[in-house]
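Please read them beside the sequence and the coordinates.

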Amino acid sequence: MKRLALGILGSGKGSNCRAILENIRSGVLPAEVPVVISDVFDAPILDIAREFSVPNAYLPPGNFRTRLEPQVEMELVQMLRAAAVELVVLAGFMRVLKSPMLGAFQQRILNIHPSLLPKFPGLEAWKQALAAGDKVTGCTVHYVDEKIDHGDIIAQREVAILPNDTPESLHARIQLVEHELYPEVIARLCRERAS
Ligand code: GRF
């Protein structure tokens, strides 16, 4: 099967990136990762890319706090195109993407969010679910559009909220589910593309 070329973008820990790379290495996920890019110079996600011998780059984001400067976002498009990326995978990328990226990769940018969207978009969604007194939360893989944590939902998986959960324990359990769901969804998209 043809391998789908993924460009992974992240700002932090990179545990979802690791899960994707492990699934590729074990042969479960028919994809390849020609590039991992971070807007944070010393983000652990870049160390994970190096550990897996994946080309990686730090992209200085410019002076804006929540998005990339427009010329930087154009540079990002060029980097992804130069690496022949077919699907952009956001894995803890903490900046909102705007028209250069959304136009260049229409319905080809995925995100994973730690709640059952449309519930609890935004930061620390697991804390929002706890504060709401919900019994169930989960995670969502969706296409990225111009709104935050919005766009067509591809898949969701539930996680029970336990009576003695702390924000940390709940977040950790959601992440374990993310590490299964994200590679599964990407594998499904690879198979759909191939057929
Ligand atoms: C994940 O929990 C994801 O839901 C959110 O950012 C987090 C990234 O974690 N969008 P990691 O860097 O993959 O460990």
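Q: In which helix does Arg50 lie?
A: Helices here are DSSP runs of H or I with at least four residues, strands are runs of E with at least two, and both are numbered from the N terminus. Under that scheme, Arg50 belongs to the run of residues 44-51, helix α2.

The model is a predicted one, in which local features need pLDDT of at least 70 and side-chain atom pairs count only at pLDDT 80 or more, while totals for chains, interfaces and linings use all residues. Residues are numbered from 1 along each chain as its sequence is written, and side-chain values use heavy atoms, with hydrogens and water left out.

Q: Is Arg50 buried, partly exposed or exposed?
A: Buried means under 20% relative accessible area, exposed means over 50%, and partly exposed is in between (1.4 Å probe, protein chains only). Arg50 has a relative accessible area of 46%, so Arg50 is partly exposed.

Q: With which side chain does the side chain of Arg50 make a polar contact?
A: A polar contact is a pair of N or O atoms within 3.5 Å; within protein, one must be able to donate a hydrogen and the other to accept it, and residues adjacent in sequence count only if both atoms are side-chain atoms. For Arg50 the distance is 2.7 Å, and the partner is the side chain of Asp47.

Q: What distance separates the C-alpha atoms of Arg50 and Trp126?
A: Along the chain, Arg50 and Trp126 are 76 residues apart.

Q: Which atoms of Ser15, Asn16 and Gln175 lie by oxygen atoms of the ligand, and how much of the ligand does the protein bury?
A: A polar side-chain atom of Ser15 lies 2.5 Å from a ligand oxygen, and a backbone N or O atom of Asn16 lies 2.9 Å from one. An N or O atom in the side chain of Gln175 is 3.0 Å from a ligand oxygen. Taken alone, the ligand exposes 370 Å², of which the protein buries 87%.

Q: Is Asp165 buried or exposed, and what does its side chain contact?
A: Asp165 is placed in the loop between β7 (153-160) and α6. Its relative accessibility is 12%, so Asp165 counts as buried. The side chain of Asp165 makes polar contacts with the side chain of Ser169 at 2.6 Å and with that of Arg173 at 2.8 Å.

Q: Is Pro183 buried or exposed?
A: Pro183 is found in helix α6. Because its relative accessible area is 3%, Pro183 is buried.

Q: What is the form of the peptide bond from Leu117 to Pro118?
A: Pro118 lies in the loop between β5 and α5 (125-131). At 74% relative accessibility, Pro118 counts as exposed. The bond that joins Leu117 to Pro118 has omega near 15 degrees and is cis.

Q: What is the phi of Glu124, and what is that of Asp149?
A: Glu124 lies in the loop between β5 and α5 and is partly exposed, with a relative accessible area of 40%. Asp149 lies in the loop between β6 (136-143) and β7 and is buried, at 17%. Neither is a glycine, yet phi is positive in each: near 45 degrees for Glu124 and about 50 degrees for Asp149.

How values were computed: Accessible areas come from the Shrake-Rupley method with a 1.4 Å probe; for residues, only the protein chains shown count as cover.
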